[in-house]
Amino acid sequence: MTQYVLKRLAGLVPTLFAIGVLVFLFVHLLPGDPARLAAGPDATPETVALVRKDLGLDRPIAQQFVRFADGALHWNFGRSLSTKRAVAEEIAERFMPTFWLTVWSMAWSVVFGMAIGIASAVWRNRWPDRLGMTLAVSGISFPAFALGMVLMQVFAVDLGWVPAVGNDSWRGYVLPSLTLGAAVAAIMARFTRSSFVDILGEDFVRTARAKGLDERRVVIKHAMRNALIPVVTMMGLQFGFLLGGSIVVEKVFNWPGLGRLLVDAVDMRDYPVIQALVLLFSLEFIVINLAVDVLYGLINPAIRYR
Amino acid sequence: MGSSILRSATDDAASGERVRTPWSEFSRKFRRQKVAVAAGVFVVLLVVVAVAAPWIVPYNAETYFDYDALNAPPSLAHLFGVDSLGRDIFSRILMGARISLAAGFISVAAGAVIGTLLGLVAGYYEGWADRIVMRICDVLFAFPGILLAIGIVAILGGGMANVIAAVAIFSVPTFARLVRGNTLGLKHLTFVEAARSLGASDRTIVLRHILPGTISAVVVYFSLRIGTSIITAASLSFLGMGAQPPTPEWGAMLDAARSDMLVAPHEAIFPALAIFLTVLAFNLLGDGLRDALDPKIERV
């Protein structure tokens, strides 16, 4: 087991390296001169030259990469071009709101999604299934930003039950996490249903029924354990989806998180912030995928690590 | 499976019925699914409307302004109402269908073609070609889709063409992995070995014998991905990185409607419904295709 994790961690090194190179090259792919971007539009040629030297942009590209990689390893990405503050500081401030938003979205969507999926599989082709699957296919078809606008209008503006913006209390989290989690709940419901339908047709389930167990025990004790194994994998994959989705949802609800920081940074061409955020998002995504693989092995005794 | 099709074909031929081909089998299974057929009809209608839009719109979507009816609700003159600049929302929705359908279709088609070729090469030759292709896929998968798109837009600048390129790039690894998996499974089957022993070239084996075996999975993913891609493209426009005003793109229209939600909710409702119904139709069609072609393909 430990060996497997170590092996997987070692396997990440080339991927991380490739991502690092891409993120580094990003600055050089930008149209225009990065030194001029950093110095600002009104800077004199002398200032631009000074900034170029200061950022190390006058050195050979290999040296620049070493400098970038060294900074990245020490979580140092320089300063934001628009606010002049350290990028690491900006990110630290915005990290928790996005983290909690993602966690809450994941929590409710997994619980509801799996419940709908299980109900649909157990009452297959009857009304709970039809209702559940209609909701689910609608959930994957309704864009998050439109859902967010609708929820905000109805529950915050018209009914006034929860605040439309702000993350001061738990009530501020209700609408954004509903919006962000809706698509994930829908995907989980569809996936859980198909996984359960397969399992309920297996021989061991028929055996359990044949020996006279009541249906509830069959579903909970025999089917659930086996059906949930692929569902866990799916859940991990959805984290990446949430990271991406948070970018859109944070704009709708004016959320002070990483997603909005990224959107603003792209608007302002604030490339140190963009670089750091792209690196951070990718890193999170990779770590989560690794964690899911390991978890998958723990709950599925059929898998033996080589 | 091959023998059962053969047997049923001879039975049918003996009883004087039509021979069952894979195509007739597919159309029989597909036609049984009323919802998917309805979704398919809706998609066809949408395509017709999108193609004909410039000739059927009641008003010009970008240059017609009715200054006396700013934010007017739906009426006979303006079926979906008027936006805050005095433009006819119905006309803009129709013209927007062109943009969203083109964005969804072009990006996924490009991703599917490139991904399928890479998947065929990786799965058939294995070895270093496989390692390189799969490593690239890993790197692309390491970025959540929309993040990759934002990165590309940040480099290339905003605009619909760049959004389409971005969505195409992150469709590639999905298709590459799917086709690679199928290719690995198919290439050791007897009919491929038979072709090889007859002296068929690699090219013939891959294109004539393996590619057709991967097509059904690609078709299902194609339909399901179009829905996702339309949402992604609209999301980028909503974030201000895709279509720029005054282009009547649905996501951009929703973004513009945000400030008028109180006085003119119809400005948001119609573009939202347009995106929802379009994506829903592609998803229902994809589900139906999957059930008719291969129920074992799982949606990711």
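How many salt bridges does the rule find across the interface of chain A and chain B? In this predicted model, the rule finds two. One of the salt bridges across that boundary joins Lys251(A) to Asp255(B), with 3.4 Å between the closest N and O atoms. Polar contacts can be counted as well: between chain A and chain B there are five residue pairs of this kind, both residues being at pLDDT 80 or more.

On chain A, the elements that give two or more residues to the side touching chain B include α1, α6, α7 and α8. Helix α10(A) gives the most, with eight residues. By class, this side of chain A has 29 nonpolar, nine polar and four charged residues.

The contact can also be described by residues and by area. In total, 42 residues of chain A are in contact with 40 residues of chain B. The area buried between the two chains is about 3,500 Å², and carbon and sulfur atoms give 76% of it. In chain A, the residues that lose the most area to chain B are Phe145(A), Met149(A) and Lys251(A), which together make up 18% of what that side buries.

Now turn to chain B itself. Helix α3, residues 34–56, bends by about 40° at Ala50(B), and Pro54(B) follows within four residues. Ala50(B) is also one of the buried residues of α3(B), a list that includes Ala36(B), Val43(B) and Leu46(B). Among the elements that cover these buried residues are α2, α4 and α11 of chain B.

Elsewhere in chain B, helix α10 holds Ala256(B). This residue counts as partly exposed because its relative accessibility is 47%.

Key
Residues are numbered from 1 along each chain as its sequence is written. Chains are lettered from A and ligands numbered from 1 in the order in which they are written. This is a predicted model: local features need pLDDT of at least 70, side-chain atom pairs count only at pLDDT 80 or more; totals for chains, interfaces and linings use all residues. Side-chain values use heavy atoms; hydrogens and water are left out. The bend at a residue is the angle between axes fitted to the seven residues ending there and the seven starting there. Buried means under 20% relative accessible area, exposed over 50%, partly exposed in between (1.4 Å probe, protein chains only). Contact means heavy atoms within 4.5 Å. Buried area is the accessible area (1.4 Å probe) that two parts lose on being put together, summed over both. A salt bridge is a side-chain nitrogen of Lys or Arg within 4 Å of a carboxyl oxygen of Asp or Glu. A polar contact is a pair of N or O atoms within 3.5 Å; within protein, one must be able to donate a hydrogen and the other to accept it, and residues adjacent in sequence count only if both atoms are side-chain atoms. Ala, Val, Leu, Ile, Met, Phe, Trp, Tyr, Cys and Pro count as nonpolar, Asp, Glu, Lys and Arg as charged, and the others, Gly among them, as polar.
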